[in-house]
Amino acid sequence: MAVIGIDLGTTNSLAAIWREQKVILIPDESGNYMIPSIVAVDQDGNILTGYAAREEELIDPGRCASNFKRFMGTGKYYDLAGQKFLPEELSALILKRIKEAAETFLGEEVTEAVISVPAYFNSDQRYATKLAAQLAGIACERIINEPSAAALTAWEKEKFGKNKEELTLKNEEEETTNQYMLVFDFGGGTLDVSIVDCFENIVEITAIAGDNHLGGADFDEAIAVSFCTQNKLDWEALSGKEKMALIFEGRRCKEALTEQKAVTMIYRQGAENLSMELTVEKLFELAPGLFRRMKNIILRAVSDAGLQLSDISQVLLAGGSSHMPAVRMFISRLFGRKIEALMEPDFLVANGIGIYTGIKERKEELRDIIVTDVCPFSLGIQVQGDLADGKGKMCMMIERNNILPCRVTKHFVTASEFQEKINILVYQGESYHPEQNLKIGELCFPVPKAPAGKEGVFITFTYNINGILEVFAESDSTGQKKSTTLVSGLRQLSKEELSEKREWLEAQQRLLQEEEERGAILLMAERLFAETSGALREYVDQVIQYYNYEWKSKSPVRIRRAGKRVLQALLAVDMRLKQSMFDENMFEEEFGLQEEEE
């Protein structure tokens with residue numbers, strides 16, 4: 001039975017495992033390492049995930065859900081063709097898909113996973129992630145912050161001597177007392193910045209900052225909105241399908257800038273072709289607010305660590321959105337030096353989680369490594385505030401960025417005359433006003449009647465690396481003790497409720513893996529058929545007929561071979577369609593698609 005690591009991403013998700021003293025990324029049945037974090041319900045009521053769902057999103061976005069990781073633990077519902085899902089239920093479907101792919105690849109049952117979350121996930125969001133794993137039939141004892149996983153990758157490269165020269169950003173002759181690393185983890189929907197201090201076998205997180213609503217998807221939408229402004233279109237008046245088409249084109253152009261200096265975004269409205277040229281500098285102009293937010297997060301993390309930008313000797317880029325030349329240029333300008341990637345940013349976190357599975361399983365070569373983490377948000381209790389308004393205020397017990405595990409004890413006294421109990425209301429957050437923070441639980445503690453301030457209680461917070469908080473109270477007059485363990489402010493599911501939800505999700509996902517792959521290919525083909533005309537449309541029709549013919553053979557080899565050939569052909573059609581170039585003989589010559597005799 002295997003323990004795998006899962007990078008549950010906003011845009012894409014990956015899995016990895018530590019085997020034979022190295023990380024092995026786990027592919028799906030088609031050889032893809034990244035599975036789109038998208039869920040859809042098709043016309044027949046079947047649930048699609050991954051690539052099939054991504055194609056459905058282009059055709060009918062109202063039936064699809066993406067970016068739901070941003071809303072984990074919030075109670076928000078997604079209505080997909082009449083079926084309602086919580087974000088954690090949607091995440092469970094993605095996790096289940098990954099579990100099945102891993103079991104096929106590894107040839108053994110997957111029973112447990114280490115799952116990564118943004119460092120800035122709060123208690124509710126972390127609990128929702130663990131709940132998603134439970135619903136998917138996976139035990140998840142350990143959640144690891146994404147930047148911590150990325151830092152583990154850097155440690156591995158240095159430890160095992162791979163690409164070590166890429167780690168140092170200063171000149172060789174420069175010497176520094178401390179080698180502080182800044183992990184810039186910029187994904188599709190979230191941004192985490194962590195300050196890391198690595199020394200020998202210790203990977204220590206010293207400070208974190210982040211934004212769970214800032215990612216590559218925000219740039220996609222900013223490009224789409226700017227396109228509408230330039231072409232005098234009313235963004236708010238567009239249908240969901242039209243918005244999704246523009247966002248998709250914005251994303252395509254954004255990604256093209258990694259290879260090209262300029263790219264033209266084209267969108268057909270009726271008989272008119274609208275366009276906008278996009279460059280790296282143009283991206284700075286149309287999304288200045290996003291870059292400002294990015295800068296503020298970096299500066300906050302550096303400040304919380306008690307450092308200055310000049311103290312950072314290494315910058316580690318993680319997350320798919322770190323590919324963006326504009327982002328790399330922005331960071332290089334901020335630090336006044338060129339920033340290079342240690343390895344493929346898409347795989348950096350997954351690689352680190354793979355290492356952590358080896359640590360968890362006590363592999364000999366990883367046994368001595370120590371990974372520390374910090375408290376992402378301050379933890380405190382409500383105490384009596386300004387008597388003028390009668391409202392309470394926050395008394396912080398554990399400040400953010402304290403190294404975990406952490407234990408703090410403080411003494412409090414009664415605030416009212418002859419009160420009989422003290423309600424210890426526990427909150428997570430940085431606001432002065434408790435109601436503006438996240439309430440994660442409470443503990444009611446009895447005290448003897450006495451004048452205000454005469455009875456006291458010692459309150460102890462113990463917070464561990466798994467995000468579990470124990471609150472302990474002890475009376476200083478009677479010696480009475482009471483405690484509670486707080487995991488999340490969300491209502492915990494009973495075993496019966498958990499079993500019922502798991503069975504429901506199992507019943508919803510009726511498509512087999514092979515059928516899901518076929519659905520993704522056919523959805524893409526049908527979309528291209530709708531977008532093309534003339535000889536190009538006839539060619540797409542031939543591709544569909546060829547694939548359906550091969551599917552009827554029931555031969556796994558023929559189906560898999562046909563799927564790869566058809567996907568290659570469709571991608572070529574898509575590329576030529578966007579470039580407005582088409583040689584009707586090109587496809588037949590290059591791919592030679594024709595029906596094979598059984």
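How many nonpolar, polar and charged residues does the lining of the largest cavity have? Point 4 takes this up.

1. This is a predicted model, where local features need pLDDT of at least 70, side-chain atom pairs count only at pLDDT 80 or more, and totals for chains, interfaces and linings use all residues. Residues are numbered from 1 along each chain as its sequence is written, and side-chain values use heavy atoms, without hydrogens and water.

2. Helix H5 spans residues 216–230 and helix H6 residues 240–256. Their axes (lines fitted to C-alpha atoms over the stretch in contact, angles 0 to 180 degrees between N-to-C directions) come within 8 Å and cross at roughly 110 degrees. That makes H5 roughly perpendicular to H6 (65 to 115 degrees).

3. H5 meets H6 (contact: heavy atoms within 4.5 Å) through residues including Phe219, Ile223 and Phe227. On the H6 side, Leu246, Ile247 and Gly250 are among them. The contact residues divide into seven nonpolar, two polar and four charged. Here Ala, Val, Leu, Ile, Met, Phe, Trp, Tyr, Cys and Pro count as nonpolar, Asp, Glu, Lys and Arg as charged, and the others, Gly among them, as polar.

4. The structure holds six cavities of 30 Å³ or more. A cavity is a set of points on a 1 Å grid where a 1.4 Å probe fits but cannot get out; lining residues have an atom within 4 Å of a point. Volume is the space filled by probe spheres set on the points, joined across faces, edges and corners. The largest cavity holds about 120 Å³. Its lining has seven nonpolar, four polar and four charged residues.

5. Of the 15 lining residues, Arg126, Asn145, Ile465, Asn466 and Gly467 are closest to the centre of the largest cavity. Strand E11 gives the most to this lining, with three residues.

Technical notes: Helices (H or I, at least four residues) and strands (E, at least two) are DSSP runs, numbered from the N terminus. Angles under 35 degrees count as roughly parallel, over 145 as roughly antiparallel, 65 to 115 as roughly perpendicular and the rest as oblique. On a 1 Å grid over the protein atoms alone, a cavity is a set of points where a 1.4 Å probe fits but cannot get out, and a pocket is an open set with protein on both sides within 12 Å along at least five of seven lines; lining residues have an atom within 4 Å of a point.
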